[in-house]
Amino acid sequence: MLCGPGGAGKGTVAARLVAAVPKLWLSRSWTTRARRSGEPADAYIFVDRAAFDGHAQSGGFLEWAEFLGNLYGTPWPVDAGEGMDVLLEIDVQGAEQVRSRDSQALVILLLPPTAGEQEARLRSRGDSEEHVMKRLQAAEIEASRARLIADYEVVNDTVERAATEIAGIIESRRNERGYVPDVPVKES
Ligand code: 5GP
C-alpha cells in the first residue's frame, strides 16, 4: 500500500511503479468525488453515493473511507491475476483497515520533500482555495497517523528516485517470501 498526505505525489509514483516493477497491479478505486477537469476518465470508477453505498452494503469493498466529504473504496475481490502483487494507493484510514485484515500487508508512507512543494502540488490540481486549505490540514493528520503503521517512509524528492527506492523495498519483501519472477526484471 502506498499512503501518505495529499500532495505527496502518490498517484505519479504509483504509476511509475507499475510501469517499472514486474507483476505489480494497481487497483482502481471507486469514488463519489467528481472527476476533475483534465483528470483521466479511468483514474477512478466515478459513481454516485447510492451506487457506492449499495456496493459497500453488499460487501463489495476490501476497505472504504470518507475523505473530505467524498467516499473512496477498493473494490473486492481483487482481480489482479495469478502471481500478481496488488498495489493500493489509498488514504491512511483505508491502510489501517487493510493492515488490520492482513498484518503482512506492506505499508509505505510517501512524503512530500517540503511543505512548499506539497502546497504547490495541491494547488496545481485546480481545486478551490477552500479545498486546498482543507487538504493541507488533513495532510498533517494523515502523515502523523500513517507513521504509526508505516513499514517505510519514502520522500518523493524526484519521482524516479522515490519509485526506485520503493521498487527495492518490494523486491526485498518478495525475496523474503521466496518470490521468483517469471518475467525478466526491467532495467531502470
Ligand atoms: P483524491 O481526491 O486526491 O484523488 O484522493 C483523496 C485521498 O483518497 C488520497 O489520499 C487517495 O490516496 C485516497 N484514496 C484513493 N483511493 C482510495 C481508496 O480506494 N480507499 C481509500 N481509503 N482511500 C483512497
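F61 is buried in this predicted model, with a relative accessible area of 7%. W30 also counts as buried, at 15% relative accessibility. Both values fall under the 20% limit for burial. The structure holds six aromatic pairs. W30 and F61 form an aromatic pair that is edge-to-face. Their ring centres are 5.4 Å apart, and the angle between the planes is 90°. W30 lies in strand β3 (residues 30-31), and F61 lies in strand β5 (residues 61-67). The pair therefore ties together parts that are 31 residues apart in sequence.

Helix packing was examined next. Two packed helices are described by the angle between their axes and the distance between the axes. The axes of α1 (10-20) and α6 (residues 159-177) come within 9 Å. They cross at roughly 55°. That angle makes α1 oblique to α6. The crossing of the two helices is right-handed. On the α1 side, the contact is made by T12, V13, R16 and L17. These residues meet V159, E160, A162, A163, I166, A167 and I170 in α6. By class, the contact of α1 with α6 has eight nonpolar, one polar and two charged residues.

V159 lies in helix α6. Its relative accessible area is 29%, so V159 is partly exposed. Beyond residues up to four places away in sequence, V159 touches T12, V13 and R16. V159 and T12 are 147 residues apart in sequence. In space, their C-alpha atoms are 7.1 Å apart.

Helix α5 (residues 129-147) packs with helix α4 (residues 115-123). The axes of α4 and α5 are 10 Å apart, at an angle of about 140°. The two helices are therefore oblique to each other. An angle has to be over 145 degrees to count as roughly antiparallel. The crossing of α4 and α5 is right-handed. Q118, E119, L122 and R123 of α4 make the contact with E129, V132, M133, R135, L136 and A139 of α5. The residues of this contact divide into five nonpolar, one polar and four charged.

Q118 is found in helix α4. At 10% relative accessibility, Q118 counts as buried. Apart from neighbours within four places in sequence, Q118 is in contact with P5, G6, G7, P112, L136 and A139. Q118 and G7 are 111 residues apart in sequence. Their C-alpha atoms are 4.7 Å apart in space.

Helix α5 also meets helix α3 (residues 92-101). The axes of α3 and α5 come within 9 Å and cross at roughly 20°. The two helices are therefore roughly parallel to each other. Their crossing is left-handed. The contact is made by V92, Q93 and E96 of α3 and by E142, R145 and A146 of α5. By class, the contact of α3 with α5 has two nonpolar, one polar and three charged residues.

The peptide bond from W76 to P77 is cis, with omega near 5°. P77 lies in the loop between β6 (70-75) and β7 (85-87). Phi of K23 is near 60°, a positive value in a residue other than glycine. K23 lies in the loop between α1 and β2 (24-26). L68 is also a residue other than glycine with a positive phi, in this case near 45°. L68 lies in the loop between β5 and β6. L68 is partly exposed, with a relative accessible area of 30%.

Conventions:
Residues are numbered from 1 along each chain as its sequence is written. This is a predicted model: local features need pLDDT of at least 70, side-chain atom pairs count only at pLDDT 80 or more; totals for chains, interfaces and linings use all residues. Side-chain values use heavy atoms; hydrogens and water are left out. Axes are lines fitted to C-alpha atoms, for helices over the stretch in contact, and angles run from 0 to 180 degrees between N-to-C directions. Helices (H or I, at least four residues) and strands (E, at least two) are DSSP runs, numbered from the N terminus. Angles under 35 degrees count as roughly parallel, over 145 as roughly antiparallel, 65 to 115 as roughly perpendicular and the rest as oblique. A crossing is left-handed if the near helix is turned anticlockwise from the far one by less than a right angle, and right-handed if clockwise. Contact means heavy atoms within 4.5 Å. Ala, Val, Leu, Ile, Met, Phe, Trp, Tyr, Cys and Pro count as nonpolar, Asp, Glu, Lys and Arg as charged, and the others, Gly among them, as polar. Buried means under 20% relative accessible area, exposed over 50%, partly exposed in between (1.4 Å probe, protein chains only). Rings of Phe, Tyr and Trp (its six-membered ring) pair if their centres lie within 6.5 Å; planes under 30 degrees apart count as stacked, over 60 as edge-to-face and the rest as tilted.
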